Amino acid sequence: MNDNPLLSVNNLRTWFELRKWGFFHAGRVKAVDGVSFDVEKGESVAIVGESGCGKSTLARTILQLYQPVSGAIAFKGENISRFSKEKLQSYRAKTGYIQQDPYGALAPFMNVRKILEEPLIIHGVKKSARRRRAVEETLYELNLTPPEEILSKYPHMLSGGQQQRIVIGRARILEPDLIVADEPVSMLDASVRIEILQLLKKVQKTDGVGLIYVTHDLSTVRYFSDKTLVMYAGRIIEQAPVKELISNPLHPYTKALINAIPDPDAVNANSLRKVPSGEAPSLVSPPPGCRFHPRCENCIEGLCDVKLPKDREPISGHKVECWLYE
Ligand SMILES: Nc1ncnc2c1ncn2[C@@H]1O[C@H](COP(=O)(O)OP(=O)(O)O)[C@@H](O)[C@H]1O
Ligand SMILES: [Mg+2]
């Protein structure tokens with residue numbers, strides 16, 4: 001038996017070098033800067049944070065599309081950076097990726113059958129009957145029926161919601177152990193977002209697959225409730241099960257994010273609450289100490305602006321990186 005978590009991310013750093021101008025070195029973007037968390041088998045983990053905080057970089061590093069500068073990612077206990085070419089290929093088969101933009105994710109010249117069959121062919125499913133079965137089963141799971149009608153269609157003949165269903169289908173067709181969904185509904189019409197999220201949740205439950213759901217919208221994370229990580233300026237500043245996080249946020253930033261969720265029942269203008277005031281910090285020269293301190297109402301001078309807080313677990317299963325809980 002293997003007791004390791006499905007995925008274990010340890011002190012991960014992914015930085016981008018800015019282009020040099022002559023002798024002048026412009027610095028580096030510290031998009032992911034010391035991130036640690038686990039995903040258990042079949043667990044769903046939401047990563048929430050403002051645009052530009054490093055969510056996509058983290059997602060793409062996990063999928064080995066970017067190389068980290070330091071830290072480690074273990075998949076079922078094995079360090080993925082040491083994978084041979086063959087192992088990397090099989091890692092790719094075991095990890096599905098759902099991108100933000102369904103319109104850009106599907107090749108316009110391939111019909112649905114080709115799109116869904118492609119990963120099966122790439123990963124060596126030789127029998128065409130087996131491929132056909134997998135494709136049909138996927139279409140049923142995604143409520144894209146009858147299959148014969150959908151299979152011959154090209155992406156431009158489908159709605160945005162249908163396209164994203166195909167993207168989800170392509171991500172699950174090899175029966176992966178982990179799916180990484182990066183803002184899977186942010187480009188879609190508001191009217192189909194919930195439907196797609198519910199579908200993604202259904203796929204996650206039926207397939208028993210681990211899911212990393214990335215979003216800037218805290219109000220959607222309740223669909224994927226196992227664990228929620230709050231990311232701020234390249235770091236995870238709080239993590240807890242979603243109900244606990246929403247009812248008992250500890251970090252001042254998380255509190256501000258929750259306050260900014262509009263109340264659907266309120267009719268007056270106050271229902272549009274404001275996002276945390278101030279600007280997200282530069283990732284090239286992040287503020288010293290706690291990265292949130294310039295925007296924080298509870299900043300303790302001489303401490304929060306000087307020293308990075310340590311990760312604490314004041315409540316079992318609820319971690320926070322903040323000096324208020326020291
Ligand atoms: N390929 C890249 N090269 C250089 N900088 C990048 C690259 N990708 C992202 N960044 C920078 O890293 C930071 C985090 O970006 P990203 O991970 O896309 O954030 P998010 O997904 O949370 O919006 C941003 O400042 C962005 O400009
Ligand atoms: Mg992103």
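First, a convention: angles under 35 degrees count as roughly parallel, over 145 as roughly antiparallel, 65 to 115 as roughly perpendicular, and the rest as oblique. This is a predicted model; local features need pLDDT of at least 70, side-chain atom pairs count only at pLDDT 80 or more, and totals for chains, interfaces and linings use all residues. Residues are numbered from 1 along each chain as its sequence is written, while chains are lettered from A and ligands numbered from 1 in the order in which they are written.

Helices and strands here are DSSP runs, numbered from the N terminus: H or I with at least four residues for helices, E with at least two for strands.

Start with α4, residues 112–122, and α5, residues 128–141. They pack at about 120 degrees, axes 10 Å apart. Axes are lines fitted to C-alpha atoms, for helices over the stretch in contact, and angles run from 0 to 180 degrees between N-to-C directions. So α4 and α5 are oblique to each other.

Who meets whom? On α4, Arg 113, Leu 116, Glu 117 and Leu 120; on α5, Arg 131, Ala 134, Val 135 and Thr 138. Contact means C-beta atoms, placed from the backbone, within 7 Å. That α4–α5 contact holds four nonpolar, one polar and three charged residues. For the classes, Ala, Val, Leu, Ile, Met, Phe, Trp, Tyr, Cys and Pro are nonpolar, Asp, Glu, Lys and Arg are charged, and the others, Gly among them, are polar.

Next pair: α7, residues 160–172, against α8. Their angle is about 15 degrees, and the axes are 10 Å apart. α7 and α8 are therefore roughly parallel.

Look at Val 192, in α8, which spans residues 190–207. Leaving out residues up to four places away in sequence, Val 192 touches Gly 160 and Gly 161.

Last stop, ligand 1. Its surroundings include Phe 16, Val 29, Gly 52, Lys 55, Ser 56, Thr 57 and Leu 283. Near means a C-beta atom, placed from the backbone, within 6 Å. Which element gives the largest share of the shell? That is α1, with three residues. By class, the shell has five nonpolar, six polar and one charged.

Notes:
Two residues are in contact if their C-beta atoms, placed from the backbone, lie within 7 Å.
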